[in-house]
Amino acid sequence: MLTKKGKYGLKALVHLSRLPDGQLAFVHDIADTNHIPKKFLDAILGELRNAGFVQSRKGKEGGYRLARPAADIKIGHVIRVLDGPLAPISCASRTRYERCEDCDEETCAVRHMMLEVRQAIADVLDNRSLAAMRDADNDDFPMELATHQ
C-alpha cells in the first residue's frame with residue numbers, strides 16, 4: 001500500500017511538474033495547494049532532493065523545482081525511494097529480497113502469486129513517467145476500478 005509519504009511526494013512532484021521551466025515553488029505553496037502538512041513535506045522534499053528528483057534554493061527567492069524533465073522521472077523509482085520495495089512480501093522483492101523462514105520458495109504458492117503481483121505493479125509504475133501521470137485525462141479509467149467495493 002502506498003503510504004502518505006509516497007502519496008504526498010507524488011503530489012508534490014506533480015505540482016512542481018506543472019511549473020514553467022526554471023520557476024521555483026515555495027514549500028508552503030505546495031503544502032497548501034495539495035493539503036500536505038508543511039513539516040512532513042519538508043522532510044519528503046529533502047528525500048526527493050537527495051535522490052536527485054528535485055533541486056532547491058534557499059533564501060527569499062528560494063524554493064523547489066524538478067531536477068530533470070518530468071518525462072524522465074519514473075513513478076516506480078519515486079515510490080521505491082520514498083516507500084521502499086514494490087513487492088507485497090520481502091521474498092518477492094527485487095530490490096530488498098529476504099528469504100522467508102517458513103516456506104520453500106520453489107513450491108510456495110503465496111510467493112509465486114506475490115511475484116506476479118509485484119511484476120504487475122512494476123510494469124505499470126516503471127513505465128509511467130511523472131509527465132504521463134500529470135497529463136493523464138483519466139477518460140479511459142475503468143469505472144469498475146473507480147468505485148470501491
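This is a predicted model: local features need pLDDT of at least 70, side-chain atom pairs count only at pLDDT 80 or more; totals for chains, interfaces and linings use all residues.

Reader: How many helices and strands are in the protein chain?

Author: The protein chain has seven helices and two strands. Along the sequence they follow the pattern α-α-α-β-β-α-α-α-α.

Reader: What box do the C-alpha atoms fill?

Author: Taken along the principal axes, the box is roughly 60 × 35 × 25 Å. Of the 149 residues in the chain, 36% are buried.

Reader: Which share of the contacts comes from residues 24 or more positions apart?

Author: Counting contacts with a separation of 6 or more, such residues account for 60%.

Reader: Let us turn to α3. How far does this helix reach from its first C-alpha to its last?

Author: Helix α3 covers residues 38–50, and its 13 residues reach 18 Å, close to the 18 Å expected at 1.5 Å a residue.

Reader: Which residues of α3 are buried?

Author: Those are Leu41, Ile44, Leu45, Gly46 and Leu48.

Reader: Why would residues three or four places apart in a helix point the same way?

Author: An α-helix has 3.6 residues a turn, so residues with that spacing point the same way.

Reader: What covers the buried residues of α3?

Author: The cover includes the helices α1 (4–17), α2 (27–34) and α4 (75–83), together with the strands β1 (54–57) and β2 (63–66).

Reader: Now α4, please. What do its buried residues pack against?

Author: They pack against α1, α3, α5 (109–125) and α6 (130–135). The buried residues in α4 are Ile75, Gly76, Val78, Ile79, Arg80 and Leu82.

Reader: Which residues take a positive phi just after these helices?

Author: Just after α3, Gly52 has a positive phi of about 85°. Just after α4, Gly84 has one of about 95°.

Reader: A change of topic: how many cavities of 30 Å³ or more are there?

Author: The count comes to one. The largest cavity holds about 40 Å³ of space.

Reader: Which residues line the largest cavity?

Author: The lining consists of Arg80, Pro85, Leu86, Ala87, Ser93, Arg94, Thr95 and Arg118. Arg80 is also among the buried residues of α4.

Reader: And what is the lining by class?

Author: Three lining residues are nonpolar, two are polar and three are charged.

How values were computed:
Residues are numbered from 1 along each chain as its sequence is written. Side-chain values use heavy atoms; hydrogens and water are left out. Helices (H or I, at least four residues) and strands (E, at least two) are DSSP runs, numbered from the N terminus. The expected span of a helix is 1.5 Å times one less than its number of residues. Buried means under 20% relative accessible area, exposed over 50%, partly exposed in between (1.4 Å probe, protein chains only). Contact means heavy atoms within 4.5 Å. On a 1 Å grid over the protein atoms alone, a cavity is a set of points where a 1.4 Å probe fits but cannot get out, and a pocket is an open set with protein on both sides within 12 Å along at least five of seven lines; lining residues have an atom within 4 Å of a point. Grid points are joined across faces, edges and corners, and a volume is the space filled by probe spheres set on the points. Ala, Val, Leu, Ile, Met, Phe, Trp, Tyr, Cys and Pro count as nonpolar, Asp, Glu, Lys and Arg as charged, and the others, Gly among them, as polar.
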